[in-house]
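Here is a friendly walk through one protein model, with the sequence and the fold side by side. Have a look at both before reading on.

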Amino acid sequence: MPKYYEEKEEDGRACGGVREDLRQCLLESPCVLQENKSPKQCLREGHCRSLQNTFFACKRSMVSARVASSASSRAAFCPSP
């Protein structure tokens, strides 16, 4: 089970739980611990790919929701010709 379901502090940011799990996965990966690479470099090399995809999907859904709500509000103020 992902760690973000466990008891811990709320950071209040969108997708914060998945972000924290991705961060922990990278920090605990052999790439960082044994090869002494930065988490950013390990992410580029494909480590923790499933959590990265989940995090990006979460962020994309936040953007999609914002765009959809802004499009519907524009439609209410801009009648069709």
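## Helix 1

Helix 1 covers residues 16-27, and its twelve residues should span 16 Å at 1.5 Å a residue, which agrees with the 16 Å between its end C-alpha atoms. The expected span is 1.5 Å times one less than the number of residues. Helices here are DSSP runs (H or I, at least four residues), numbered from the N terminus.

This is a predicted model, where local features need pLDDT of at least 70, side-chain atom pairs count only at pLDDT 80 or more, and totals for chains, interfaces and linings use all residues. Residues are numbered from 1 along each chain as its sequence is written, and side-chain values use heavy atoms, leaving out hydrogens and water.

## Buried residues and the core

The buried residues of helix 1 are Gly 16, Val 18, Asp 21, Leu 22 and Leu 26. Buried means under 20% relative accessible area, exposed over 50%, and partly exposed in between (1.4 Å probe, protein chains only). Val 18 counts as buried because its relative accessibility is 9%. Its C-alpha lies 8.6 Å from that of Gln 52, although 34 residues separate Val 18 and Gln 52 in sequence.

The largest nonpolar core has nine residues: Cys 15, Val 18, Leu 22, Leu 26, Cys 31, Val 32, Cys 42, Cys 48 and Phe 55. Helix 1 gives the largest share of this core, three residues. Such a core is a set of buried Ala, Val, Leu, Ile, Met, Phe, Trp, Tyr and Cys residues joined through side-chain atoms within 4.5 Å.

## The aromatic pair

Which residues form the tilted aromatic pair? They are Phe 55 and Phe 56, at 6.0 Å centre to centre with 45° between the planes. Rings of Phe, Tyr and Trp (its six-membered ring) pair if their centres lie within 6.5 Å; planes under 30 degrees apart count as stacked, over 60 as edge-to-face and the rest as tilted. Phe 55 is buried because its relative accessibility is 11%, while Phe 56, at 38%, is partly exposed.

Note on methods. Helices (H or I, at least four residues) and strands (E, at least two) are DSSP runs, numbered from the N terminus.
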